[in-house]
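Subject: Handover of a structure and notes on its contents

Dear colleague,

Please find below the structure that I am handing over to you. My notes on what was found in it follow directly after.

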Amino acid sequence: MCNYILSKNFFIALLLAALNGICYAQQPGFNPVIPDYSADPSVVTFNGVYYLYGTSDIDQKLDRMGPPVVWKSPDLINWSYNGNILPVIDWSKPYTYKDRNGTDKTGYFRFWAPGKVFKKDGAYQMFATIVKPDGQVGTYLLAAAIPEGPFHFTNGTGVYFNEPEKAGQETKPVANDIDGDPFVDDDGSAYLVWRKRNISKLSPDWKTLSGDKILIQTSRSGYSEGPFLFKRKGIYYYVYTLSGGSNYVYAYMMSKTGPLGPYSAPSGADIILQSDIAANVWGPGHGNVFEMPGTGQYVFFYLEYGNGYTTRQVFANKLDFNADGTIKPVKVNRAGIGSLLKNSYPAAIKPVAVKASGFKPDSLIKSIIDTAISGIAGIAPRDKGEGVVAVQRIMNGKPENAVDGNNGTFWMASGKDTQPWLEADLGSPKKINRCELYFVASTLGHTWRLEKSTDGKKWLTVKINTETVVRSPEVAAKIGLARYVRVTILSGALGLWEMKLY
């Protein structure tokens, strides 16, 4: 979970960066993976199904997040989720409290950075960060009967705020900090790593720390979060972030001794994930590594900075190794890992035209990226602003974005629309079996109406969804013959990542 800690050179960078920044529009590809705002991804597979756990961004900064969900997929291409996976907490409820100065504040419970999920003792175990309305944090152990939840606390009855009468039954965190992620060694022993380079052995039931808290020594200093540990061919890899925001990077250390180290810097590059301005990838950060079943191919799933603060999205690129076990720097891009995958869905019907009630005009997203971070451990980067680049992105809400097959673009209605609509023209009447609607900020729920027409004049309502439900996509089935399909947003965020017709 990125807290956007700024480097000491940030304000120098602002002065030295070129006024005319490098500018890119969003390009299609496998990245982003998920058609919605999502961060801190962790991917696993159970029984042939892929599951992606993460943080639900809703473009409201870190003060409020959407409810936690798990996206699942048969092929790492087509994703869906249904429901809040930890419903024992009301994530939308505001709480009032007084800060240190006695000032009244309002806050929300927040779910951040779920670690890799494992099946243990007949249940699916997850470590996740929960933030209380006043900012108190902890990494908690949750469990569920099935991978998509719902999850429950493994000790105590829950996490509470301003309810002193429940203090005796409240669940205690396993670690009193954020970004806990588990590692299970070949002998079954389990460990937890968390923010600021901490690691400890877990008790046999994983509910407490059983060993001493150890600080992993890394070749690079500075604030670090989003750590994880994995093992390959007898080598333990400790992977940790530096900086944040559009300057997020990942570095790593190696050990042949054990999970607790000691660790040493690799020969060659130790920074393996960083921005690539030419590829239009900014601030790749908090994520995890996943081994493709039966292939030996590793994939790095990570968040990409997005369009600022909490508009982050999930990206994935291959993670490759040298013969000596050192990691090759990841080639981040928007093509992603599509070459490794096979789409299990039929081809969608491509509209020939699309229009809408209105759309949000172009906006220019600006950021500052430090490109001069040295990739070699022990070599300090310059400190006078060299290599600092001003970058820009063009974002718009044009209607055609909703049918372009790109998870990084959306149709966004004008703020003046009270019931905005989007209409797709298929060119001629076609039989439609299914319509999938991927709304922006889907974890907050939407209500909507879907209509069809063969001539663009006479319209028939196919489905009206009047219940706000946490799910994506929203689906209408058995639509029948139609040339035109129109969706109207009745409530919820006024945007649509994709409309897919089959």
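**A hairpin and its sheet**

In the hairpin formed by strand 13 and strand 14, five residues lie between the strands, and Gly188 there adopts a positive phi near 90 degrees. Strands here, like helices, are DSSP runs numbered from the N terminus (E, at least two residues, for strands; H or I, at least four, for helices). Two strands are said to pair if DSSP finds at least two bridges between them.

Residues are numbered from 1 along each chain as its sequence is written, and side-chain values use heavy atoms, with hydrogens and water left out.

Strand 13 pairs with strand 14 (residues 190–194) in the antiparallel sense, over four bridges. Within this pairing, Asp181 has Val193 of strand 14 as its bridge partner, and Pro182 stands opposite Leu192. The two strands belong to an open sheet of four strands, ordered 13-14-15-16 and paired antiparallel. Its edges are strand 13 (181–184) and strand 16 (214–215), each of which pairs on one side only.

**Confidence**

The mean pLDDT of the protein is 92, and 92% of its residues reach 70 or more; pLDDT is the predictor's confidence in each residue, from 0 to 100. Over residues 2–20, however, the pLDDT is below 50, and this stretch has 39 contacts in the model beyond near neighbours in sequence (a contact means heavy atoms within 4.5 Å). Where pLDDT is low, the predicted coordinates should not be read in detail.

**Backbone features in the loops**

Two cis peptide bonds may be noted. One joins Asn31 and Pro32, with omega about 0 degrees; Pro32 lies in the loop between strand 1 (22–25) and strand 2 (39–46). Another joins Gly149 and Pro150, with omega about 10 degrees, and Pro150 is placed in the loop between strand 11 (137–144) and strand 12 (152–153).

Positive phi values also occur in residues other than glycine. Trp206, in the loop between strand 15 (198–201) and strand 16, has phi near 70 degrees. Lys233, in the loop between strand 17 (228–232) and strand 18 (235–242), has a positive phi of about 50 degrees. Are these two residues, Trp206 and Lys233, buried or exposed? Trp206 counts as buried because its relative accessibility is 5%, whereas Lys233 is exposed, at 74% relative accessible area. The cut-offs are under 20% relative accessible area for buried, over 50% for exposed, and partly exposed in between (1.4 Å probe, protein chains only).

**Strands 28, 29 and 32**

Strand 32 (residues 474–491) pairs with strand 28 (residues 421–439) in the antiparallel sense over 12 bridges. In this pairing, Trp421 has Thr488 as its bridge partner. Strand 32 also pairs with strand 29 (residues 447–453), again antiparallel, over seven bridges. Here the bridge partner of Glu451 is Arg486.

**Salt bridges**

Side chains of opposite charge can pair when their charged atoms come close. A salt bridge is taken as a side-chain nitrogen of Lys or Arg within 4 Å of a carboxyl oxygen of Asp or Glu. The whole structure contains 18 salt bridges by this search.

One of them joins Arg220 and Asp270, at 2.9 Å from N to O. This pair links distant parts of the chain, 50 residues apart: Arg220 lies in the loop between strand 16 and strand 17, and Asp270 in the loop between strand 19 (249–255) and strand 20 (271–273). Arg220 is buried, with a relative accessible area of 10%, and Asp270 is buried at 0%.

Another salt bridge is formed by Asp425 and Arg483, whose closest N and O atoms are 2.8 Å apart. Asp425 in strand 28 and Arg483 in strand 32 are 58 residues apart, and the pair links distant parts of the chain. Asp425 is buried, at 12% relative accessible area, while Arg483 is partly exposed, at 25%.

Glu436 forms a salt bridge with Arg434, the closest N and O atoms being 2.9 Å apart. Glu436 counts as buried, at 2% relative accessibility, and Arg434 is partly exposed, at 32%. Finally, salt bridges link Glu423, Arg449, Glu451 and Arg486 in a network.

Yours sincerely

Note on methods: Predicted model: local features only at pLDDT ≥ 70, side-chain atom pairs only at ≥ 80, totals over all residues.
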